[in-house]
Every structure is written in structure tokens, then in C-alpha cells.
Amino acid sequence: MLSKNKIKYIHSLELKKNRKEEQAFLAEGYKLVEELLGHFPCRIVAGTKAWLDRHPHLHAEEIFEVSEEELTRISLQKNPQEVLAVFEQPVYEWNINTAAHSLCLALDDVQDPGNVGTIARIADWFGIEHVFCSQGTADIYNPKTVQATMGAIARVQFHYCNLPEFIRSASAQDIPLFGTFLNGKDIYGENLENHGIIIMGNEGNGISTPIAQCITHRLFIPNYPQGRPTSESLNVAIATAIVCAEFRRRG
């Protein structure tokens, strides 16, 4: 059985400061855990007998068989599914040249964990392997964000940095910088590169001024029909999907 201290440790990973200190994150549910196994070192697995029986060659530092009732007590979810696991956070190396040779995303204080997780899935779908994030962007290893990625974090690398400084460095090297604005140019009529950085802004405030000043291509996603009264803006994850789809369609 899992000790009280071990359960306390698992629950502690709900807090960012503990995840950072432990360099660990929590994943729940058989689909997600199975997606991440083999991609990240696994510290703890707590699964039902049925799930463990289906994975006889499981590699983890500690493996615990738990009943469904015990899993409910351990889990952060209302309806846990068979297994939860604690993985090590990866340490990725990157530099500005990454954006000079491939298409990347940047998130400027996107604060909702669900939006960040969905954007991870969008990046994964469209073959974007690097996402650069401001320090104010929701933590990709937040349990809610991890769930929303549906396993995309196994293939998409998230880098937290001083985003204004990173964008200024990219600008100094003439790396194309794209952003969406209500006063931008129609995305469907603009020339789109196959490399550079697509910057998505905060849910309420959009792209911050220091970063907006560096953007070389200001894009607008038109509503239909133009001029018709409509919503003020699109959800940031939906806007990301539309922009990425158009870039890849051109490519």
C-alpha cells in the first residue's frame, strides 16, 4: 500500500513550487499514462490490478497495486481511471537557431491551463516541436494542463524563458515574428514563412506591448461575413489552431 507520506507527496505536486522543487509532474488515466511511459523517467506508478496485469514489463522506480477505492483517495480527479503516475520533468536544450530553421510557437502570458494544454495538442498535430513561454504562462506540468495535452507533451518541448528578451533576440537575427491583432492584415492574403515564431497573447489583453513592437507580420483572422456584428475575439487556442492550419496549408 501507498504510505501516507507517499500520498502526501503525490498530492503536493498539485502546487507549482513543489513540482519545480521535485522536478516532477503527475499524470492520470490509462490513456495519458500509457502515452507518456517511455518518454519520461517514471518515479511512481499506482494502478489497479487489472491495469498492472496488462503492463507486466513496466519500468518505474516504485510500483503500487491499489484498489479503485484507494485510487480515488490518491487521485486529484473525481473519477480516476485505473492508474496515476509521477514522471520526471525533462530538461531540454534550445537556442534561438531553433526558430530560424523551423516553425515555433510562443505564448505570451496565456494563463488558462486548459488553453495551454490544448495549444500543446495543436502544436503536436501540426508538427510544431517547440513552444516558448513567458514566465506568466500557465505551467505545462500543472496536472490540469497535463491532462489537457492528451499526451502531446511527449513530442512537444515547452521552454519557459524571459519571452520579451527572447523575441528581441529573434528580431535582431531577422527571424520572422508573427502575431494576431484586430488591426492586422488578413491572414489569407499574406505571405507566410515555413519558419519563424507565431506569438499568441494573453486571453484578455492579447500580446504585450514590448513583444508587439517586435512583430514583423501582424495578422488578422477575419470573421464571416466581414462587417457583421460578432464576438469580440476568438479563444486563444482556437485562434492558434486556425493560424497553424493556414501556415501548414501553405507549406
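Trainee: In which helix does Pro 164 lie?

Mentor: This is a predicted model, and in it Pro 164 lies in helix α9, residues 163-172.

Trainee: What makes Pro 164 count as partly exposed?

Mentor: Its relative accessibility is 24%. Buried means under 20% and exposed means over 50%. The value for Pro 164 falls in between, so the residue counts as partly exposed.

Trainee: How far apart are Pro 164 and Ser 208, in sequence and in space?

Mentor: They are 44 residues apart in sequence, and their C-alpha atoms are 8.9 Å apart.

Trainee: What does the protein come to as a whole?

Mentor: Its secondary structure comes to 11 helices and 10 strands. The C-alpha atoms fill a box of roughly 60 × 40 × 30 Å along the principal axes. Of the 251 residues, 47% count as buried.

Trainee: Why is the pair of Arg 155 and Glu 35 called a salt bridge?

Mentor: The term asks for a side-chain nitrogen of Lys or Arg within 4 Å of a carboxyl oxygen of Asp or Glu. For Arg 155 and Glu 35 the closest N and O atoms are 2.7 Å apart. That value is within the cut-off, so the pair is a salt bridge. The structure holds 10 salt bridges.

Trainee: Which parts does the pair of Arg 155 and Glu 35 tie together?

Mentor: Arg 155 lies in the loop between α8 (143-149) and β7 (157-160), while Glu 35 lies in helix α3 (residues 30-36), so the pair ties together parts that are 120 residues apart in sequence. Both partners count as partly exposed: Arg 155 has a relative accessibility of 37%, and Glu 35 has 30%.

Trainee: What other partner does Arg 155 meet in a salt bridge?

Mentor: Arg 155 also meets Asp 124, at 2.9 Å from N to O. Asp 124 is in helix α7 (residues 113-125), and this pair links parts of the chain 31 residues apart. Salt bridges that share partners join Glu 35, Asp 124 and Arg 155 into one network.

Trainee: How do you know that Glu 88 and Arg 43 form a salt bridge?

Mentor: The distance from N to O is 3.7 Å. The cut-off is within 4 Å, so this pair passes too. Glu 88 lies in strand β4 (residues 83-88) and Arg 43 in strand β2 (residues 42-47), so the pair ties together parts 45 residues apart in sequence.

Trainee: Is Arg 43 buried or exposed?

Mentor: Arg 43 has a relative accessibility of 17%, and the cut-off for buried is under 20%, so it counts as buried.

Trainee: How do you know that the length of α7 agrees with its number of residues?

Mentor: Helix α7 has 13 residues, and at 1.5 Å a residue it should span 18 Å. Its end C-alpha atoms are 19 Å apart, which agrees.

Trainee: What caps the N-terminal end of α7?

Mentor: Asp 112 does: one of its side-chain oxygens lies 2.9 Å from the backbone nitrogen of Gly 114. After α7 comes Gly 127, with a positive phi near 70 degrees.

Trainee: Against which elements do the buried residues of α7 pack?

Mentor: They pack against β5, β6 (130-133), α8, β7 and α11 (236-250). The buried residues of α7 include Val 116, Ile 119, Ala 120 and Ala 123.

Trainee: Why is strand β9 said to be largely enclosed?

Mentor: Five of the five residues of β9 (residues 196-200) are buried, so the strand is largely enclosed by the rest of the structure. Gly 196, Ile 198 and Met 200 point one way from β9, and Ile 197 and Ile 199 point the other way.

Trainee: What makes β5 and β9 a pair of strands?

Mentor: Pairing needs at least two bridges, and β5 (residues 103-107) and β9 have five, in the parallel sense, so they pair. Leu 103 stands opposite Gly 196 in β9.

Trainee: How many bridges join β8 to β9?

Mentor: Three bridges join strand β8 (residues 177-186) to β9, and the two run parallel. Leu 177 has Ile 197 as its bridge partner in β9.

Terms used
Residues numbered from 1 in each chain as written. Predicted model: local features only at pLDDT ≥ 70, side-chain atom pairs only at ≥ 80, totals over all residues. Heavy atoms only, no water. Helix = DSSP H or I, 4+ residues; strand = E, 2+ residues; numbered from the N terminus. Buried < 20%, exposed > 50% of the residue type's maximum accessible area, 1.4 Å probe, protein only. Expected span 1.5 Å × (residues − 1). Contact = heavy atoms within 4.5 Å. Polar contact = N/O pair within 3.5 Å; in protein donor to acceptor, adjacent residues only side chain to side chain.
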